[in-house]
Amino acid sequence: MFNSSDHRYFIKYFNTFLNPSMRKSYSIEQNEAVAVQVGATYKFSPQLRSTLAYGALFADDGTDYARAIANVDQNETVQQAWINFIYSPVKPVDLGIEYINGERKNFDGKKFSDDRVGFMARYSF
């Protein structure tokens with residue numbers, strides 16, 4: 001069963017650019033952030049598989065971008081975890097369910113939460 005499972009990870013450091021007040025200064029402020037994503041898919045049987053994963057973004061709150069008044073509602077941190085189960089009762093049909101839990105925090109400290117459940121039905125031609 002180990003050969004049919006999938007384990008992946010991803011770490012990225014990146015910069016984003018945004019002009020917080022295009023009408024006033026025409027300056028471009030740089031935002032710096034680190035992102036990570038990790039997940040594992042496990043195949044319980046030929047008909048049932050599941051994925052458990054986590055992803056997050058952590059922005060630097062010490063940049064001019066973060067301190068700009070126009071960007072206080074931009075994300076400082078974003079975190080999300082999810083789990084899904086996919087059942088394949090017959091060869092071309094997949095049925096799935098997924099739960100996602102997320103949270104984000106803005107540069108001004110406001111927090112927002114998100115919980116979702118999704119369903120999926122797929123027929124492969």
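Mentor: One term before we start: contact means heavy atoms within 4.5 Å. Also, this is a predicted model.
Trainee: Okay. What share of the contacts with a separation of 6 or more comes from residues 24 or more positions apart?
Mentor: Such residues account for 49% of them.
Trainee: And which pattern does the chain follow along the sequence?
Mentor: It reads β-β-β-α-β-β-β. That is one helix and six strands.
Trainee: How much of the chain counts as buried?
Mentor: 25% of the 125 residues.
Trainee: Which residues form the largest nonpolar core?
Mentor: Five of them: Ala-33, Ala-59, Tyr-65, Ala-66 and Phe-107.
Trainee: What does Ala-59 touch, leaving aside neighbours within four places in sequence?
Mentor: Ala-59 is in contact with Ala-33 and Phe-107, plus Asn-31, Glu-32, Asn-75 and Glu-76.
Trainee: Switching to the surface. What is the accessible area of the chain?
Mentor: About 8,900 Å². Carbon and sulfur atoms hold 58% of that.
Trainee: Which residues make the nonpolar surface patch?
Mentor: Tyr-42, Phe-44, Phe-85, Ile-97, Tyr-99, Val-117 and Phe-119. The patch covers about 690 Å².
Trainee: Which strands each supply at least two of its residues?
Mentor: β5 (93-106) and β6 (111-123).
Trainee: Where does Phe-85 sit, then?
Mentor: In strand β4, residues 75-87.
Trainee: Why does Phe-85 count as partly exposed?
Mentor: Because its relative accessibility is 35%.

Definitions and conventions: Residues are numbered from 1 along each chain as its sequence is written. This is a predicted model: local features need pLDDT of at least 70, side-chain atom pairs count only at pLDDT 80 or more; totals for chains, interfaces and linings use all residues. Side-chain values use heavy atoms; hydrogens and water are left out. Helices (H or I, at least four residues) and strands (E, at least two) are DSSP runs, numbered from the N terminus. Buried means under 20% relative accessible area, exposed over 50%, partly exposed in between (1.4 Å probe, protein chains only). Accessible areas come from the Shrake-Rupley method with a 1.4 Å probe; for residues, only the protein chains shown count as cover. Patches are made of residues with over 30% relative accessible area and no salt bridge: like charges are joined within 9 Å, nonpolar side chains (Val, Leu, Ile, Met, Phe, Trp, Tyr) within 5 Å. A salt bridge is a side-chain nitrogen of Lys or Arg within 4 Å of a carboxyl oxygen of Asp or Glu. A nonpolar core is a set of buried Ala, Val, Leu, Ile, Met, Phe, Trp, Tyr and Cys residues joined through side-chain atoms within 4.5 Å.
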